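Subject: Structure for you, with notes

Hi,

Here is the structure I promised to pass along. Have a look at it first, and then read on for what turned up in it.

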Amino acid sequence: MVLAVKVQIKEGEKVRRKLIELGALNREYKIKREEGFLLIPVKFPVEGFEVVEVELERVETRPNSYKDVVNIPRELRKFLPSSFDIIGNIAIIEIPSELQNYSNEIGGAIIRVHKSVKAVYMKGGSVEGEYRVRNLIHIAGEKITETIHRENGVRLKLDITKVYFSPRLATERMRVFKMAREGEIVFDMFAGVGPFSILLAKKARMVFACDINPWAIKYLEENIKLNKVKNIIPILSDVTKVCVKADRIIMNLPKYASRFLEHAMRCVNNGGIIHYYGFGPEKDPYGWHVKRINEVAGRLGVKVEILGKRIIRNYAPRQYNIAIDFRVSF
Ligand SMILES: C[S@@+](CC[C@H](N)C(=O)[O-])C[C@H]1O[C@@H](n2cnc3c(N)ncnc32)[C@H](O)[C@@H]1O
């Protein structure tokens, strides 16, 4: 039984507002209509109103987090990850060793709470090899691996088992887009399925998008059509074999970008900007990379001006994924 204020239907809306104002409305139950009256649930008796005790239906509240519905022993709850990635209609989660026996239950809980998610995979190791692809283990839902992800007004089709893609870089990609100028030539050295390239194509005169992974270029070609952009040239190649004279160069290969600095500095136009990505320790995330940028510039006899440095996300314990923007002049 629940306490409810009994009012005539025509007074209902006015009284409901008054009850909200008084902090008395009980939102856990539904309002009921009965013989010309409304029964509005309240948390406590309210002076000036007729209060009755009635049976009311509970409001169904949808859980916000998979943690609210997952069924695991209480002592293991502290190991539940607080976040996971959603790429299109696929969720990817890192499950700690303590919870490996409950991976199917965790995957099922994600599907129950996130209605758009149709498949869940768990990370089976770190991002590997030249193509930077992750080993994934299916834990719940349909066994789909291809999906369409939407970010920054761009649609990106991709297969999570064949190409690299991280939805966590969406803000960074938008930041680079905002820095870009109309009419530039852009060289996206490690383009993947095109999240930087397709966005930048909205401002650039031409974007040259290179990747060594044939699957990345196949999806990039599909994404060019999907987004109806006409000014991207996909290039399937090792980037060291391609040099595009560009006003803006994107070097999104954090693990190995330093090895390609010389190549980028040889390709950039005078006054052009390089967006460099790397991994660095918490204590001094930029130091090693800035030193390396200056070393390479010195060797080539060009000047570099650091325009900005920022931490993009945590990459591993005490390791950051960082970005450094710099201008090259000669
Ligand atoms: C970290 S991913 C970034 C992809 C994309 N920029 C994004 O934001 O999703 C790096 C990409 O570089 C590609 N790659 C690695 N070595 C390369 C090389 N030597 N030449 C061209 N592409 C390379 C990989 O295949 C991978 O798609």
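This is a predicted model: local features need pLDDT of at least 70, side-chain atom pairs count only at pLDDT 80 or more; totals for chains, interfaces and linings use all residues.

**The ligand**

Let's stay with the ligand for a bit. Arg173 places a polar side-chain atom 2.7 Å from an oxygen atom of the ligand. Asp211 has an N or O atom in its side chain that is 2.6 Å from an oxygen atom of the ligand. With Ile212 the backbone is involved: one of its polar backbone atoms is 3.1 Å from a nitrogen atom of the ligand. And how much of the ligand does the protein cover? On its own the ligand has 600 Å² of accessible area, and the protein covers 98% of that.

**Aromatic rings**

Next, the rings. There are five aromatic pairs in the structure, and I'll go through two of them.

One is Tyr66 with Phe84. Their ring centres are 5.9 Å apart and the planes meet at 75°, so this is an edge-to-face pair; anything over 60 degrees counts as such. Both residues belong to the loop between strand 4 (51-54) and strand 5 (85-87), 18 residues apart. Tyr66 is buried, and Phe84 is buried too.

The other is Phe190 with Phe260. Here the centres are 5.1 Å apart, and the planes are again at 75°, so this pair is edge-to-face as well. Phe190 sits in the loop between strand 11 (185-188) and helix 4 (195-200), while Phe260 sits in the loop between strand 14 (246-251) and helix 6 (261-267), so the pair ties together parts that are 70 residues apart in sequence. Phe190 and Phe260 are both buried.

**Charges over rings**

Lys162 has its charged end over the ring of Trp215, 4.5 Å from the ring's centre. Lys203 lies over the face of Phe177, and the distance to the ring centre is 4.6 Å.

**A histidine inside**

Is His275 buried or exposed? His275 is buried, with a relative accessible area of 0%. You can find His275 in strand 15 (residues 268-281). Its side chain makes a polar contact with the side chain of Arg248, at 2.9 Å.

**Two backbone angles**

A bit of background for this part: most residues other than glycine have a negative phi. Glu35 has a positive one, near 45°. Look for Glu35 in the loop between strand 2 (32-34) and strand 3 (37-41), where it is exposed, with a relative accessible area of 76%.

Arg132 also has a positive phi, of about 60°, although it is not a glycine. Arg132 is in the loop between strand 7 (119-123) and strand 8 (136-141). At 11% relative accessibility Arg132 counts as buried, because the cut-off for that is under 20%.

**A few distances along the chain**

Finally, some C-alpha distances, in case you want to find your way around.

- Gly88 is in the loop between strand 5 and strand 6 (90-93) and is partly exposed, at 22% relative accessible area.
- Glu53 belongs to strand 4 and is exposed, with a relative accessible area of 55%. From Glu53 to Ser329, 276 residues apart along the chain, the C-alpha atoms are separated by 79 Å.
- Gly23 is in the loop between helix 1 (12-21) and strand 2 and is partly exposed, at 34% relative accessible area. Gly23 and Val5 are 18 residues apart in sequence, and their C-alpha atoms are 13 Å apart in space.

Cheers

Technical notes. Residues are numbered from 1 along each chain as its sequence is written. Side-chain values use heavy atoms; hydrogens and water are left out. A polar contact is a pair of N or O atoms within 3.5 Å; within protein, one must be able to donate a hydrogen and the other to accept it, and residues adjacent in sequence count only if both atoms are side-chain atoms. Accessible areas come from the Shrake-Rupley method with a 1.4 Å probe; for residues, only the protein chains shown count as cover. Rings of Phe, Tyr and Trp (its six-membered ring) pair if their centres lie within 6.5 Å; planes under 30 degrees apart count as stacked, over 60 as edge-to-face and the rest as tilted. Helices (H or I, at least four residues) and strands (E, at least two) are DSSP runs, numbered from the N terminus. Buried means under 20% relative accessible area, exposed over 50%, partly exposed in between (1.4 Å probe, protein chains only). A charge sits over a ring if NZ of Lys or CZ of Arg is within 6 Å of the ring centre and within 35 degrees of the ring normal.
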